[in-house]
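Visitor: Could you take me through how to read a model like this? I would like the general idea of each feature, then the case here.

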Amino acid sequence: MLKIRKEQYEELGKISLKKFEDSMVEHIKEFFPENYDALGEPVVRNVIKYGVDRAEAHGFETEPDVNMYIDLMFLLGSHFDTDPQLPWAAAILEDETIADSAIRVEKLYDQADEYLDRVEGPDDEHLTNALDEFSDISFEELLLTRSEDIQNITMSLLRRIWPEKCQVVGHAALRNLIRYGEESTQRHRITSQRGVVLYTVLMFML
């Protein structure tokens with residue numbers, strides 16, 4: 001009778017995961033070529049490994065489900081599941097009424113597709129305009145903001161840079177993003193007002 005030791009099972013798991021990782025690298029190269037070129041293969045592999053862990057934490061275990069979850073990371077950001085700008089993503093992931101993981105990840109994908117259409121606009125015109133507006137912001141301009149109300153300063157900048165995204169995300173989620181930005185800068189020991197504002201704007205853009 002054939003017996004497989006525990007160590008052999010673990011080794012088979014590593015081989016299977018390595019094959020999946022290799023196939024996902026080719027998938028990202030084909031469907032997200034700009035991301036692949038910008039990040040490079042070593043970083044893409046790290047993102048895939050992180051995606052496998054996050055997908056598993058949310059109950060996605062089949063290859064198609066994990067594949068779609070990683071796609072969503074490249075579309076929405078690696079931490080889309082906890083992003084204050086995307087409360088709908090967390091709501092779907094935590095919805096216990098959707099028992100089938102395949103249905104849950106498909107619902108996520110459909111919602112992401114609708115969200116990106118509205119945020120980026122026809123032919124990505126909203127996104128292009130936002131990138132142009134962002135590039136026009138100068139460090140000198142941020143230095144001139146003397147108000148102690150960083151939240152209002154940041155909110156004004158976000159609405160100026162990408163009004164369409166602000167409208168889709170909504171005021172409450174933007175406030176949560178700004179508060180999260182302030183908390184994150186404290187952890188990274190960024191203390192200047194300019195640094196806090198710029199860090200939060202980068203979170204909004206990226």
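Guide: Start at a loop: Arg 189 is found between α11 and α12. Helices here are DSSP runs of H or I with at least four residues, strands are E runs of at least two, and both are numbered from the N terminus. The model is predicted, so local features need pLDDT of at least 70 and side-chain atom pairs count only at pLDDT 80 or more, while totals for chains, interfaces and linings use all residues. Residues are numbered from 1 along each chain as its sequence is written, and side-chain values use heavy atoms, with hydrogens and water left out.

Visitor: What is the phi of Arg 189 near?

Guide: The general idea comes first. Most residues other than glycine have a negative phi. Arg 189 has a positive one, near 60°. Asp 123 is not a glycine either, and its phi is positive at about 55°. Asp 123 sits in the loop between α6 and α7.

Visitor: Is Asp 123 buried or exposed?

Guide: Asp 123 counts as exposed because its relative accessibility is 80%. Arg 189 is exposed too, at 71%. His 27 has 16% relative accessibility, so it counts as buried.

Visitor: Where is His 27, and what is it in contact with?

Guide: His 27 belongs to helix α1. Contact means heavy atoms within 4.5 Å. Setting aside neighbours within four places in sequence, His 27 is in contact with Phe 32, Asn 67 and Asp 71.

Visitor: Which residues of the largest nonpolar core touch the most other members?

Guide: A nonpolar core is a set of buried Ala, Val, Leu, Ile, Met, Phe, Trp, Tyr and Cys residues joined through side-chain atoms within 4.5 Å. The largest one holds 52 residues, and Ile 70, Leu 76, Phe 80 and Trp 88 touch the most other members. Helix α4 gives the most to this core, seven residues. Take Phe 80 as a case: not counting residues up to four places away in sequence, it touches Tyr 69, Leu 72, Met 73, Leu 86, Ala 89, Leu 93 and Leu 108.

Visitor: How much space lies in the largest pocket?

Guide: On a 1 Å grid over the protein atoms alone, a pocket is an open set of points with protein on both sides within 12 Å along at least five of seven lines; lining residues have an atom within 4 Å of a point. Points are joined across faces, edges and corners, and volume is the space filled by probe spheres set on them. The largest pocket has about 1,500 Å³. Of its 43 lining residues, Phe 74, Leu 75, Leu 76, Gly 77 and Leu 206 are the closest to the centre. Helix α6 supplies the largest share, eight residues.

Visitor: What is the volume of the second largest pocket?

Guide: About 250 Å³. Eleven residues line it, with Leu 17, Val 52, Glu 56, Glu 61 and Val 66 nearest its centre. Helix α1 gives the largest share, four residues.

Key. On a 1 Å grid over the protein atoms alone, a cavity is a set of points where a 1.4 Å probe fits but cannot get out, and a pocket is an open set with protein on both sides within 12 Å along at least five of seven lines; lining residues have an atom within 4 Å of a point. Buried means under 20% relative accessible area, exposed over 50%, partly exposed in between (1.4 Å probe, protein chains only).
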